[in-house]
Amino acid sequence: MKNIKSITHVILTGGVGSRLWPLSRKSQPKQYLNLFGGKSLFEMTVDRNRNIADKVMVVGNIDNCHLSRQVLEKTNTAYIDIIESTPRNTAAAIAFAAFASDPDDILIVTPSDHIIDEMEEYETAIGGAIEKASQGFIVTFGIVPTKPETGYGYIERKGDDVISFREKPNQVSARDFIAKGNFLWNSGMFCFKAGVLLEELKAFHPEVYETSKTAWENNKNGNLDLDLSLQIPSISIDYAVMERSKKIKVVSSKFSWSDLGSFESVYDYLVSIGHPVDENGNMVIGTTNYTAFIGMKDTIFVCTDTANLILKKEFSQDVKSLFNELERKNSELLD
């Protein structure tokens with residue numbers, strides 16, 4: 001691991017957590033909710049990489065940068081702040097982080113809203129990824145699956161070589177992936193040298209590269225100009241680089257991981273840390289008021305000051321449709 005100049009933990013904080021409405025709102029996205037032993041997912045993300053990286057960089061947006069700042073000041077964490085004026089997806093967000101770094105700096109890019117346990121396994125995976133990144137590879141973290149999950153993308157691999165990336169599958173395909181044994185969940189975490197990522201982005205999606213570069217060169221104290229940002233195509237890093245580059249490697253990771261992307265995954269996690277459920281598997285989130293379920297099983301009651309949600313656990317992915325419907329109506333309940 002010689003020749004490693006610096007390791008930067010890049011935290012992506014742009015998501016709104018639409019599948020966790022009404023807990024998650026535009027003014028308080030899921031990564032900032034203090035639901036997890038008095039800490040938020042964002043704070044837990046900062047903590048778990050504290051001993052791995054030399055620097056912390058946060059790529060957020062104009063609506064949530066103050067929430068990141070509160071956590072980082074509370075934990076006395078020095079950081080580099082990159083503030084997007086409008087969401088442009090992960091290709092641009094990661095490009096900004098790379099432009100803000102020296103070419104030989106190794107970046108560990110993580111979302112801010114994931115739950116990760118088994119830190120020894122996590123640190124082993126990070127170490128393996130840094131080793132590969134120092135050799136010029138772009139590394140993605142694939143999680144060894146524990147069930148045929150339809151809410152995650154998958155990575156098909158042979159050894160540490162990526163054969164293909166697969167979108168979220170239906171139940172039949174998910175079972176098929178698990179049966180084949182060479183598929184991993186796509187965690188959305190990456191590790192690479194800043195210069196290598198930018199070279200590949202320039203080769204495979206020059207428009208994202210050039211427009212992101214222009215926006216970054218005109219930043220003011222990390223704040224990105226709105227008009228220049230609107231010129232950037234809104235494309236994921238998977239589509240722009242990962243699915244095209246020949247420099248991709250995958251680290252097969254055995255740490256416990258969830259993106260908490262649905263109330264089903266929140267339910268499973270809360271059960272694992274002792275959150276109460278009744279004898280029929282029903283759960284209350286957000287209130288200590290007495291709540292009784294009659295004739296219901298595996299139902300989640302979510303209580304907030306301005307909206308309540310009652311759903312069967314297995315229909316958790318449908319919350320996104322409700323969010324989209326409220327968005328079409330320009331509802332204040334999303335704020």
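Me: In which helix is Asn89 found?
Reply: This is a predicted model, in which local features need pLDDT of at least 70 and side-chain atom pairs count only at pLDDT 80 or more, while totals for chains, interfaces and linings use all residues. Residues are numbered from 1 along each chain as its sequence is written, and side-chain values use heavy atoms, with hydrogens and water left out. Helices (H or I, at least four residues) and strands (E, at least two) are DSSP runs, numbered from the N terminus. With that numbering, Asn89 is found in helix H3.

Me: What is the relative accessible area of Asn89?
Reply: Buried means under 20% relative accessible area, exposed means over 50%, and partly exposed lies in between, with a 1.4 Å probe and protein chains only. Asn89, which is not a glycine but has a positive phi near 75°, is partly exposed because its relative accessible area is 36%.

Me: At roughly what angle do the axes of H1 and H2 cross?
Reply: Axes are lines fitted to C-alpha atoms, for helices over the stretch in contact, and angles run from 0 to 180 degrees between N-to-C directions. Angles under 35 degrees count as roughly parallel, over 145 as roughly antiparallel, 65 to 115 as roughly perpendicular and the rest as oblique. H1 and H2 are therefore oblique to each other. The axes of H1 (residues 41–48) and H2 (residues 65–74) come within 10 Å, and they cross at roughly 45°.

Me: How many nonpolar residues are there in the contact of H3 with H6?
Reply: In this contact (heavy atoms within 4.5 Å), Ile94, Ala95, Ala98 and Phe99 of H3 meet Ala194, Leu197, Leu198 and Leu201 of H6. Ala, Val, Leu, Ile, Met, Phe, Trp, Tyr, Cys and Pro count as nonpolar, Asp, Glu, Lys and Arg as charged, and the others, Gly among them, as polar. The contact of H3 with H6 has no polar and no charged residues, and its nonpolar residues number eight.

Me: The backbone oxygen of which residue lies 3.0 Å from a polar atom of the side chain of Asn282?
Reply: Asn282 is placed in the loop between helix H10 (263–272) and strand E12 (283–285), and it counts as buried because its relative accessibility is 2%. Leaving aside neighbours within four places in sequence, Asn282 is in contact with several residues, including Phe293 and Lys297. The backbone oxygen that lies 3.0 Å from a polar atom of the Asn282 side chain belongs to Met296.

Key:
A polar contact is a pair of N or O atoms within 3.5 Å; within protein, one must be able to donate a hydrogen and the other to accept it, and residues adjacent in sequence count only if both atoms are side-chain atoms.
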